[in-house]
Amino acid sequence: MKSSLIVIACLLWAFDALIRYPLMEAGHSSLTIVAFEHFFGLGMLTVFYRKKFRGLFRLAYLGPFLVIGGLGSALATLAFTKSFEILNPSFVILLQKLQPLVAILLASIVLGE
């Protein structure tokens with residue numbers, strides 16, 4: 001079950017730009033696309049992990065949850081989606097595909113991993 005969810009997540013990540021760009025062309029705002037994407041992801045997580053989520057709704061976890069979900073994910077995705085309006089979509093997609101390499105490089109430099 002877990003491996004199939006990982007495959008689905010990888011496929012969604014690989015094809016998100018192909019879905020996002022036509023939506024931008026159709027006139028949907030960046031904010032609408034990102035909000036829908038995050039609500040969809042939250043809904044999927046809730047369906048598959050609803051029993052494990054009960055322990056996450058504690059006050060101690062609320063701050064990190066909002067920072068990671070709001071700033072780390074939603075704000076970055078909003079910037080990525082908005083960049084389709086400013087730059088050539090091919091360049092934006094190339095930068096997205098290079099993101100894992102940049103993350104590994106920065107983890108090596110900053111964290112010493």
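Let's start in helix α3, where E85 and K82 sit three residues apart, so about one helical turn separates them. Side chains of opposite charge can pair when their charged atoms come close. In this predicted model, the side chains of E85 and K82 do meet in a salt bridge, with 2.9 Å from N to O. The cut-off for a salt bridge is 4 Å between the side-chain nitrogen and a carboxyl oxygen, and by that rule the count comes to one.

How covered up is this pair? Partly exposed means a relative accessible area between the buried limit of 20% and the exposed limit of 50%. E85 has 47%, so E85 counts as partly exposed. K82 has 39%, so K82 is partly exposed too.

Now for the nonpolar side of things. The largest nonpolar core has six residues: A17, M24, I33, F80, F84 and V92. Two elements, α1 (2-25) and α3 (59-86), each give two or more residues to this core.

Zooming out, the chain has four helices and zero strands, so from the N terminus on you read the elements as α-α-α-α. Of the 113 residues in the chain, 16% are buried. Take the contacts with a separation of 6 or more, and 72% of them join residues 24 or more positions apart. As for the surface, the chain exposes about 8,700 Å², and carbon and sulfur atoms supply 76% of that area.

Note on methods. Residues numbered from 1 in each chain as written. Predicted model: local features only at pLDDT ≥ 70, side-chain atom pairs only at ≥ 80, totals over all residues. Heavy atoms only, no water. Core = buried A, V, L, I, M, F, W, Y, C linked by side-chain atoms within 4.5 Å. Buried < 20%, exposed > 50% of the residue type's maximum accessible area, 1.4 Å probe, protein only. Contact = heavy atoms within 4.5 Å. Areas by Shrake-Rupley, 256 points an atom, 1.4 Å probe, with all protein chains shown as cover.
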